[in-house]
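Hi,

Here is the structure I promised to pass on. Have a look at it first, and then read my notes below.

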Amino acid sequence: MSSLLFPLLILALLVPMFLGMRKQKKAMAATAEMQDSLQVGDRVQTTAGLYATIASMDDDTVELEIAPGVITTWSRLVIRERVSDVVEDYSDDDDVSSEFEESAADTEIRLTKDS
C-alpha cells in the first residue's frame with residue numbers, strides 16, 4: 001500500500017501543474033493573436049491601465065494617442081486588450097435630478113404618513 005502512495009502523490013502534484021500550464025499557453029496565444037490583429041485607429045488599454053488610440057504601428061512598437069495631439073511610443077507587448085468606443089453621456093444630469101425632486105405637498109404627506 002505504501003509503495004503506491006508516493007506515485008499517487010507525485011501524480012496529484014503534477015496534474016494541476018500541467019493543466020495550469022495549458023491554460024496559461026492558451027491565454028498567451030489569445031493575447032498574441034489580439035496584438036497581431038491590431039490596426040491604426042483601434043482603442044486599446046495597456047498593461048499600465050492607459051486608454052489610448054493607436055496612431056501608427058511598427059513591428060515592435062506602437063504609437064498611442066492618449067489625448068488630441070499627444071502621442072507616445074510603447075512596445076507592442078504592453079497592449080492588454082482592445083476596448084470598445086462606447087462613451088456614456090451624462091449631459092442629461094438635469095433630467096436625472098428632476099426625477100428625484102419632491103414638491104412641498106409630497107414631502108408633507110410622506111412625513112406625516114411615516115409618523
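Which side chains meet in a salt bridge? Those of Arg82 and Asp42, at 3.3 Å, N to O. By salt bridge I mean a side-chain nitrogen of Lys or Arg within 4 Å of a carboxyl oxygen of Asp or Glu. A search of the whole structure finds one salt bridge. The pair links distant parts of the chain, 40 residues apart: Arg82 is in strand S5 (residues 79-82), while Asp42 is in the loop between H1 and S1.

Before going on, a word on the ground rules. This is a predicted model, where local features need pLDDT of at least 70 and side-chain atom pairs count only at pLDDT 80 or more, while totals for chains, interfaces and linings use all residues. Residues are numbered from 1 along each chain as its sequence is written, and side-chain values use heavy atoms, with hydrogens and water left out. Helices (H or I, at least four residues) and strands (E, at least two) are DSSP runs, numbered from the N terminus.

Back to Asp42. The loop that holds Asp42 runs between helix H1 (2-36) and strand S1 (43-46). Asp42 has a relative accessible area of 17%, so it counts as buried, whereas Arg82, at 37%, is partly exposed. (Buried is under 20% relative accessible area, exposed over 50%, partly exposed in between, with a 1.4 Å probe and protein chains only.) A polar atom of the Asp42 side chain also lies 2.9 Å from the backbone nitrogen of Gln39. Neighbours within four places in sequence aside, Asp42 is in contact (heavy atoms within 4.5 Å) with Ser37, Ala52, Thr53, Ile54 and Arg82.

Next, the core. The largest nonpolar core has eight residues: Met34, Leu38, Val44, Ala52, Ile54, Val62, Leu64 and Ile79. Strands S2 (51-57) and S3 (61-67) each supply at least two residues of this core. Such a core is a set of buried Ala, Val, Leu, Ile, Met, Phe, Trp, Tyr and Cys residues joined through side-chain atoms within 4.5 Å. Again leaving out neighbours within four places in sequence, the contacts of Leu64 include Val44, Ala52, Ile54, Trp74 and Ile79.

Finally, Glu102 sits in the loop between helix H2 (93-99) and helix H3 (104-114). With 39% relative accessibility, Glu102 is partly exposed. Beyond its neighbours within four places in sequence, Glu102 is in contact with Thr107 and Arg110.

Cheers

Note on methods:
A polar contact is a pair of N or O atoms within 3.5 Å; within protein, one must be able to donate a hydrogen and the other to accept it, and residues adjacent in sequence count only if both atoms are side-chain atoms.
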